[in-house]
Amino acid sequence: MVGKRTRRHLRDAAAVLAVVLTLIAVCGCGSSEGGGTELQPFSQAAPSESAPSAESSASGAITWEEAQAIALERIPGADISNIVEMEVEYDDGRTEYEGSIYYNGYEYEFEIDGATGNILKWEIDD
C-alpha cells in the first residue's frame, strides 16, 4: 500500500512533469523550427551546413574560418583554442558571426558582418 507521503511525491512529480512538457510545447524547445538562431558546435573545422561554406567566399561572403581569423587578428597571441563560443546568425537578411574569445584573463565579444568581414561590435571585459 502506498502511503500519503509517497502519493504526494508522485502527485508533485507529475505536476512538475506537466509544467515541463507544457513549456517545451509552448517554447518549441528542441525544435529546429522556430526562427531563432542556432548555436554552432565549435571546432577547428567548419560547422555543418548551417554556416556558410568555403564556396561562399567566391560569392563575396566570408567563411566561418575567415570570421575566426578576423576576430583573432585583433588579439596578438590568441589562437583558435581561445574561441569559446561562436555562432552564425541571420539577422534581417544579413549573415553575422558572433562569438567570445577568452585570452589572458579578458573576454572579447565580437560580431562580424558575414558579407564584408567588417567588425560590427567589439567589446572587452575583464
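This is a predicted model: local features need pLDDT of at least 70, side-chain atom pairs count only at pLDDT 80 or more; totals for chains, interfaces and linings use all residues.
Residues are numbered from 1 along each chain as its sequence is written, and side-chain values use heavy atoms, with hydrogens and water left out.

View 1. Helices (H or I, at least four residues) and strands (E, at least two) are DSSP runs, numbered from the N terminus. Read from that end, the order of elements is α-β-α-β-β-β-β. The chain has 126 residues, and 29% of them count as buried; buried means under 20% relative accessible area, exposed over 50%, and partly exposed in between, with a 1.4 Å probe and protein chains only. The accessible surface of the chain is about 8400 Å², and carbon and sulfur atoms make up 53% of it. Such areas come from the Shrake-Rupley method with a 1.4 Å probe, and for residues only the protein chains shown count as cover. Among contacts (heavy atoms within 4.5 Å) in the chain with a separation of 6 or more, 36% are between residues 24 or more positions apart.

**View 2. The hairpin of strand 4 and strand 5.** These two strands pair in the antiparallel sense over six bridges; two strands pair if DSSP finds at least two bridges between them. Five residues lie between the strands of the hairpin, and G117 in the turn has a positive phi of about 85 degrees. E111 has K121 of strand 5 as its bridge partner.

View 3. A salt bridge is a side-chain nitrogen of Lys or Arg within 4 Å of a carboxyl oxygen of Asp or Glu. K121 is in strand 5 (residues 119–125) and E109 in strand 4, twelve residues apart. E111 counts as buried because its relative accessibility is 18%.

**View 4. The salt bridge of D113 with R94.** The closest N and O atoms of this pair are 3.8 Å apart. D113 is in strand 4 (residues 106–113) and R94 in strand 3, so the pair ties together parts that are 19 residues apart in sequence. At a relative accessible area of 10%, D113 is buried, whereas R94, at 38%, is partly exposed. A network of salt bridges links R94, E96 and D113. The whole structure holds four salt bridges.

**View 5. S100 in strand 3 (residues 94–103).** S100 counts as buried because its relative accessibility is 6%. Leaving aside neighbours within four places in sequence, the residues in contact with S100 include N82, I83, V84 and E85. E107, Y108, E109 and F110 are also in contact with S100.

**View 6. The buried residues of helix 2 (residues 64–73).** These residues are W64, A67, Q68, I70, A71 and L72. They pack against strand 2 (83–91), strand 3, strand 4 and strand 5.
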